[in-house]
Amino acid sequence: MNHLPIVVICTSLIGAFASPVLGKGRPWLPGILARIIVPANAVLLGILLAHVGDVGVFHYFVGGWAPPWGIALNVDYLSLYMAMAIHVISTIILVFARGDLGHEVRLDGHRWYYTLFLLLVAAMTALAFSNDFFNIFVFTEVATIAACALIAIKAYRECVEASFKYLILSTVGSGFILLALALLYMVTGHFNLSLVAGEMAAAAEAYPMNIMVALVLLIVGFGVKSAMFPLHVWLPDAHSSAPSPSSAILSGLVVKIYAVVLIRVILTVFGRGVLSTAPIAEMLLLLSSAAIIGGSLFALAQRDIKRLLAYSTVAQIGYIYLGISLLSESGTMGGLVHIFNHALMKTLLFLAAGAMIHQTGLRDITKLSGIAKKMPITMGVFSIGALSMVGIPGFNGFISKMYLATGAFEAGKPAFIIVILLSSLLNGLYYLPIVVRAFLGAPDEGEVFTRDRIPLSMTIPLVALGLACIYFGLIPGPLLELVRRAAEHLILL
Amino acid sequence: MNIIQGLVDNYFYFASIVIFLIGMHIMLTHSNMIKKIMGMNIMETAIFLFVVSIGYVDGGSAPIVIEGQTIRFINPLPSALILTGLVVGVSLTAFALSLVIELYKCYGTTDSDEIMAIRRREQ
C-alpha cells in the first residue's frame, strides 16, 4: 500500500516509453494504453487516499533509502489532492483526444503524442509528490520539454514558434530555479525539503542574503513557468496554438502544478519566519491582483476563442496566488480549491472550443453567432463553463470565489474583495457575449447541420465536465474537506 | 573593503554569476535563435560552475576512499548532481535545435525578428 505513489509515477513513465514501440504500425494502440493507465492510476490514488485517511500522512523513501541519502516522496493531502486532480482531468482529456486528435495531429504522430502526454502526467505527479529539491528540478525539466513538445507536435509553424518561445522563457526559469537550489544547498547542506526546512532558521540568521536571493529566484523561476502576471507573455501563444487536448491539459493542469510546488516550497521550507522579514506576501498579492485584472482586460480584447481562454487562464492563476498569499485559512482553501475548479472549467471550455473548431473550423468569436442551434450540447456545456467562470452561485466557480472573499476578510484585507468582484464583472463581459450570440444570434450562412455531429468520445467528456461543474457547485462538501486538510498542512507549518 | 575582499576570495562565485548574466542577456536580447540557444548553454554552464564550486574544498582530492588513509575530500554530491544537470541541458538544447530546424523549413531564416516581419507581411 505504501508503495502506491511510486507505482503511479512509474506506470505512467513505462507507458510513455512503451507507446512509440507498441504503436509502430498500430497507431490506435498507444491511445488505448494511455486510456487504461491514467484512469487505473486515478483509482490507485483513491485507494492511497483512503489508506492515508487510516494511517495518516507519511514520507515514502524511494528504494528504501532514507534522507539525506535517498529521495523522499511527500504523501500528504496536498500532494494527493493535486495527483487526483491531475489524473481525473487527464482521463477526461484523453477520452476527448480519441475523437479530436485525428484532425490536428497526423496519424503517425499519435504514438508520440501519447508518449508526451503520459510523460507530462508522470512528471506532474512526481512534482506533486516530490520532497526533494533536485528531484523537483529534474521533473520540472521533464514537464517543460513534454509540454513544449505537446505544442509543437501539431506541425503548424505558429505552434513551433510558440513552443520555441515557451522553451526559451522556461529555460530562463529553470536556470533561476537551479541557482536557487544551489544557494540553498550552500547554506543548509541539504536538498531534502524537510531537512532544508529544519536548517532554515539557523541559515536565515547567518546568511540572510542567500536565503532572500534564493527565495526571489524561486518565485521568478516558478513564476515564469506558472505564468504569474508580468511573466505570462509566452502563455497566450502557446496555449492557443496547441491542439485542443494539449491546450486543455496545459491550461488546466500544467501551469498550476508549478504554482503548487512554489507554494509548498515557500510555505513549508521558508516558512512564516523568512516571509515576515520581507514583504513577499504583499508583493504576491499585488502581482496576483494585477494578473486578475490585467488578464481579464487582455481577454476582453481577443477575438480568437482559444486566445481568449488563454488570457483568462492568466487571470485565474492570479486567483490561486491571491488565495495563498492572503495567508489565512479560508484564503488558502479558496486558492487550492480553485486549482481543481478552474481545471474543470478551463478544460471544459477548451474542449468545447476544440469541438466547435473541429466541427466548423471557426475560431473567431464574432463568427460563432447562432452556433448553439447547430451544436446545442457543446454550446450548452460551454455556457455552464462560462457561468461558472463568472461565479454564478450553483456553479463551482462560485465556491472558490466565496472562499477567496472570506479569506480576504479573515486576513483583514477587504480591498481584495473588490478585485474579485471587479474580475467577476470582467469575466461576465467577455464570456457572456459569446453565449448570448451563440444562442440568440442568427446562424451564419455556410454548412448546415442540425445536430452536434461530434463523435461520442467528444460528447461524453464535455457532458461529464459540465455535470462536474454543477455537482461541485452544489455539493462541494467532500472536495472542501480534502482541501481543508491540504490547507491545514500548509498553514500550520 | 569587505565586499571587495569577499569578491576576491570567492572569485569563482562572482565569475559564475557574471557568466550567468551574459548567458541570460544573450538569450533574451538576441534575435538569432541559434544565438539564443548558445546563450541558454552559457547560462546553464555558469550554474554548473557555481554548483560544482560549492562542493570544492581547498586542497581536497577526488572522493575515493582508500583503507587506512585520511585525506581531505571535495564534496561529491554537487558534482554528481551536475551530471544529471548536464543531461537535462543536452536534451533541452537538442529539442530547441530541432524546433529551430522546423522553423527554418517554414520561414527560411533563423532570425526571430525576420520571422515576425514575414508574418506581419502575410497578414
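**A tour in questions**

Me: Which residues does A:E329 touch, not counting residues up to four places away in sequence?
Reply: Some ground rules: residues count from 1 along each chain as its sequence is written, while chains are lettered from A and ligands numbered from 1 in the order in which they are written. This is a predicted model, where local features need pLDDT of at least 70, side-chain atom pairs count only at pLDDT 80 or more, and totals for chains, interfaces and linings use all residues. Touching, or being in contact, means that two C-beta atoms, placed from the backbone, lie within 7 Å. Leaving out residues up to four places away in sequence, A:E329 touches A:E410, A:A487 and A:I491.

Me: How far apart are the C-alpha atoms of A:E329 and A:E488?
Reply: Along the chain, 159 residues separate these two.

Me: Is A:E329 buried, exposed or partly exposed?
Reply: A:E329 sits in helix α13 of chain A; helices here are DSSP runs (H or I, at least four residues), strands are E runs of at least two, and both are numbered from the N terminus. A residue is buried if 20 or more other C-beta atoms lie within 10 Å of its own, exposed if 12 or fewer, and partly exposed in between. A:E329 has 19 C-beta neighbours inside 10 Å and therefore counts as partly exposed.

Me: How do α12(A) and α13(A) run relative to each other?
Reply: Two packed helices are described by the angle between their axes and the distance between the axes. Axes are lines fitted to C-alpha atoms (for helices over the stretch in contact), with angles from 0 to 180 degrees between N-to-C directions; under 35 degrees is roughly parallel, over 145 roughly antiparallel, 65 to 115 roughly perpendicular and the rest oblique. The axes of α12 (residues 305-325) and α13 (residues 329-360) of chain A come within 8 Å and cross at roughly 170 degrees. That makes the pair roughly antiparallel.

Me: How many residues in the contact of α12(A) with α13(A) are polar?
Reply: Ala, Val, Leu, Ile, Met, Phe, Trp, Tyr, Cys and Pro count as nonpolar, Asp, Glu, Lys and Arg as charged, and the others, Gly among them, as polar. This contact has 10 nonpolar and two charged residues, and its polar residues number nine.

Me: What about the loop between α12 and α13 of chain A: what is the phi of A:L327, which is found there?
Reply: A:L327 is buried, because it has 20 other C-beta atoms within 10 Å. It isn't a glycine, although its phi is positive, at about 55 degrees.

Me: At what angle do α5(A) and α6(A) cross?
Reply: These two helices are roughly antiparallel to each other. Their contact divides into 15 nonpolar, five polar and one charged residue. The axes come within 9 Å and cross at roughly 175 degrees.

Me: Which element of chain A gives the most to the side that touches chain B?
Reply: The contact takes 22 residues from chain A and 24 residues from chain B. On the chain A side, α5 (133-152) and α6 (157-188) each supply at least two residues, and by class that side has 16 nonpolar, three polar and three charged residues. The biggest giver, with 15 residues, is α6(A).

Me: Which residues touch the most other members of the largest nonpolar core?
Reply: Such a core is a set of buried Ala, Val, Leu, Ile, Met, Phe, Trp, Tyr and Cys residues joined through C-beta atoms within 7 Å. This one has 220 residues, and α6(A) gives the most, with 20 residues. Touching the most other members are A:L120, A:A123, A:M124 and A:A146.

Me: What is the omega of the cis peptide bond between A:P67 and A:P68?
Reply: A:P68 lies in the loop between β1 (58-61) and β2 (72-75) of chain A. For the cis bond joining A:P67 to A:P68, omega is about 10 degrees.

Me: Which helix has the highest mean pLDDT among the elements of chain A?
Reply: pLDDT is the predictor's confidence in each residue, from 0 to 100. Chain A has a mean of 88, with 98% of its residues at 70 or more. The lowest element is α14 (residues 371-374) at 78, and the highest, at 93, is helix α4.

Me: What ipTM does the predictor give the complex?
Reply: Chain B averages a pLDDT of 87. For the complex, the pTM is 0.92 and the ipTM is 0.92.
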